[in-house]
Amino acid sequence: MRRVPVWTVYVLGALPALWLFAQAATNTLGIDPVREIEHRLGELGLQFIVGGLAITPLRRIVGVNLLRFRRAIGLIAFFYVLAHLAAWLVLDMGLLWRQVAADIWKRPYITMGMAGFLMLLPLALTSNNWSIRKLGGLRWRWLHKLAYPAALAGAVHYLWLVKAWPVEPFLYLGVIVALLLVRAWFAGGGMSRG
C-alpha cells in the first residue's frame, strides 16, 4: 500500500458523489429524489467514518497498515456529512432558518445528527500539519478522539431517523460499537500493541 498515492483515496472517495450527481441530473433517483440524496450522502458519510475507525484494528489484528490514508478517509467522511447537512438545509428546508432551528430543537434524531456534525467540524478544520504543530501532538490527539462520540452520534441519528426499524441502522451502530470496544481494548493493553 506504500506505493498507492494518497490522492487516489480522494479520487475514489469522490466517485459516489459524482455518481449521485449523475443520477440526480438524469432524474433516476426515484419518486423522492431529495430524500434519496439526503439518505445516500448521510450513509456515505457514515461508511467513511466506519472506514476511518477500522484502520487501527485492521493494522493491529490483520497487519494491514492503512494509517497514511486515515486523514483522507476522515476528510472524505466529513465532506459527505457536510453534503448531507447541506442537502437537508437547502433542498429539504429551503434555508428557512427558523424552521431549521425548531427542527433541531424538537426532533431528537436531528439534534443527534447536528451534535455529530459539530464534533466532526473541529476535526476537519485541524486535519492538517499546521494544526498538529500549533496544538502539539498530545492535544491534537485528544481533540481527534471526538471522532468516537461523533461516530456514535451519526449511528444513533440514523437509527432514530428510520421509522420501520430495518436492520441496516442497527448494523452500523453495532459495527461502530464493536470497533470502539476493540480500540478501547488495545488502549487498555489487550494483545500486543505492535
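A: Aspartate 103 and arginine 107 form a salt bridge, with 3.2 Å between the closest N and O atoms; the term means a side-chain nitrogen of Lys or Arg within 4 Å of a carboxyl oxygen of Asp or Glu.

Q: What should I know about the model and numbering?

A: It's a predicted model, where local features need pLDDT of at least 70 and side-chain atom pairs count only at pLDDT 80 or more, while totals for chains, interfaces and linings use all residues. Residues are numbered from 1 along each chain as its sequence is written, and side-chain values use heavy atoms, with hydrogens and water left out.

Q: Ok, is aspartate 103 buried or exposed?

A: Aspartate 103 counts as buried because its relative accessibility is 7%. Buried means under 20% relative accessible area, exposed over 50%, and partly exposed in between, with a 1.4 Å probe and protein chains only. Arginine 107 is partly exposed at 34%.

Q: How many salt bridges are there by this rule?

A: The count is 2. Glutamate 36 and arginine 40 also meet in a salt bridge, at 2.9 Å from N to O. Both lie in helix α2, 4 residues apart, about one turn of the helix. Helices here are DSSP runs (H or I, at least four residues), numbered from the N terminus.

Q: Switching to pockets: how much space lies in the largest pocket?

A: About 970 Å³, where the volume is the space filled by probe spheres set on grid points joined across faces, edges and corners. A pocket is an open set of points on a 1 Å grid over the protein atoms alone, where a 1.4 Å probe fits, with protein on both sides within 12 Å along at least five of seven lines; lining residues have an atom within 4 Å of a point.

Q: Which residues lie nearest its centre?

A: Of the 32 lining residues, Arg70, His144, Ala147, Tyr148 and Arg183 lie nearest the centre of the largest pocket.

Q: And the second largest pocket, what space lies there?

A: About 800 Å³. Glu38, His84, Tyr109, His157 and Leu161 are the closest to its centre, out of 31 lining residues. The largest share of that lining, 9 residues, comes from α2.

Q: Last topic: where is tryptophan 7 found?

A: Tryptophan 7 is in helix α1, residues 7-25, and counts as exposed at 58% relative accessibility.

Technical notes: Helix = DSSP H or I, 4+ residues; strand = E, 2+ residues; numbered from the N terminus.
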